[in-house]
Amino acid sequence: TQSESAAVDVPGSQAAFHALVAKAQEQMTTNELPEAHLQLSRWYSSMNQLSPDRQEKLLEMLDRLAGQVVYSPISYLDRPHVVQPGESLDAIAARYGVTARLLEKINRISSPEAMWPGAQIKVIRGPFHAEVNLKRYEMTVFLNDGRYAGRFPIGIGSEVPAVEGEYIVTAKTYDPPYTFETNGQLAEIRGGDPNNPLGNRLVELGTQVGQPGELAIHGTNNPQTIGATAAEGCIRMQPRDADDIYDILSKDSSRVI
């Protein structure tokens, strides 16, 4: 996690950005989406140098391009993968460093078991990584090559402080149980219970030195706390966003800064 992204000094940034946007818009009209996406992604870390309206323009274009280049079924970055006899979606996902569920969503696959040899599916090279900005209450996701891959609003819980540093996804759980202490005894709220403050998904991130417990990304049963600090949990997300980030980040390889 980080409290604020460091800005990169880009001389003449306003004029350079104006030229970049014009070029990116031209590329988008000629379906050169990967190049426009890559060039605009390189500006993300320099965003603080731009005026608010230009920041908004950059994010709007990046969101639109990521939706097409990364998450649509159209193969923009790699040739489609041709399914081999006996090859499972899990095996294909492992080969490219992503989750099977992400490939399932991108390719609109309703039944992974029904894939047939010779079928072509879109693949993305992972693993994905994420940056958590504590001041903006926002998580931004990137491909392994630094391309922007979307952003999510978050809330911050105070049970385990979000200590700045680099983490690795250590475990993931569907419908996690929530264990807490009451009257000196441990109690548990089962996964799937509407009173469970961890919500629908849990992505564990391990600890930093001196941290009192394991940091985690998770859903919430109280969406009104997104964009603010609350008592329970760690890094909180809307249920739908928690489901997406669960599928985007890979165990043992995705970094969260």
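Biologist: Do helices α1 and α2 run roughly parallel or roughly antiparallel to each other?

Modeller: This is a predicted model: local features need pLDDT of at least 70, side-chain atom pairs count only at pLDDT 80 or more, and totals for chains, interfaces and linings use all residues. Numbering starts from 1 along each chain as its sequence is written, and side-chain values use heavy atoms, without hydrogens or water. The axes of α1 and α2 come within 8 Å and cross at roughly 160° (lines fitted to C-alpha atoms, for helices over the stretch in contact; angles between N-to-C directions, from 0 to 180 degrees). Under 35 degrees counts as roughly parallel, over 145 as roughly antiparallel, 65 to 115 as roughly perpendicular and the rest as oblique, so α1 and α2 are roughly antiparallel.

Biologist: What is the handedness of the crossing where α1 passes α2?

Modeller: Helices (H or I, at least four residues) and strands (E, at least two) are DSSP runs, numbered from the N terminus. A crossing is left-handed if the near helix is turned anticlockwise from the far one by less than a right angle, and right-handed if clockwise. For α1 passing α2, the crossing is left-handed.

Biologist: How many nonpolar residues does the contact of α1 with α2 have?

Modeller: Leu20, Ala24, Gln27 and Met28 of α1 meet Leu33, Glu35, Ala36, Gln39 and Leu40 of α2 (contact is heavy atoms within 4.5 Å). Ala, Val, Leu, Ile, Met, Phe, Trp, Tyr, Cys and Pro count as nonpolar, Asp, Glu, Lys and Arg as charged, and the others, Gly among them, as polar. Two residues here are polar and one is charged; the nonpolar ones number six.

Biologist: Is α1 roughly parallel or roughly antiparallel to α3?

Modeller: The axes of α1 and α3 lie 12 Å apart, at an angle of about 30°. Therefore α1 and α3 are roughly parallel.

Biologist: How many charged residues are in the contact of α1 with α3?

Modeller: The α1 side supplies Gln14, Phe17, Val21, Ala24, Gln25 and Met28, and α3 supplies Arg54, Lys57, Leu58, Met61, Arg64 and Leu65. Seven of the residues are nonpolar and two are polar, while the charged ones number three.

Biologist: How many of the nine residues of α2 are buried?

Modeller: Helix α2 spans residues 33-41 and is mostly covered. Its cover includes α1 (13-29), α3 (52-69) and β5 (148-153). Buried means under 20% relative accessible area, exposed over 50%, partly exposed in between (1.4 Å probe, protein chains only). Leu33, Pro34, Ala36, His37, Leu38, Leu40 and Ser41 are buried, and the count is seven.

Biologist: What is the relative accessibility of His37?

Modeller: His37 sits in helix α2. Beyond four places in sequence, His37 touches Leu62, Leu65, Ala66, Val69, Val70, Arg147 and Tyr148. His37 counts as buried because its relative accessibility is 0%.

Biologist: Which residues touch the most other members of the largest nonpolar core?

Modeller: A nonpolar core is a set of buried Ala, Val, Leu, Ile, Met, Phe, Trp, Tyr and Cys residues joined through side-chain atoms within 4.5 Å. The largest has 44 residues, and those touching the most other members are Phe128, Met139, Ile217 and Leu249. Elements giving two or more residues to this core include α4 (89-96), β4 and β12 (215-218).

Biologist: How many residues make up the second, separate core?

Modeller: Leu20, Met61, Val69 and Tyr76 are among its members. The number of residues in this core is 22.

Biologist: What is the relative accessible area of Leu143?

Modeller: Leu143 is in the loop between β4 (138-142) and β5. Outside four places in sequence, its contacts are Val70, Leu77, Ile124, Arg125, Pro127, Phe128 and Ala149. Leu143 is buried, and its relative accessible area is 3%.

Biologist: Which residues are joined by a cis peptide bond?

Modeller: Most peptide bonds are trans. In the loop between β2 (120-121) and β3 lies Pro127. The cis bond has an omega of about 5° and joins Gly126 and Pro127.

Biologist: Is Asp252 buried or exposed?

Modeller: Most residues other than glycine have a negative phi. Asp252 has a positive phi of about 70°, in the loop between α6 and β15 (255-256). With a relative accessible area of 53%, Asp252 is exposed.
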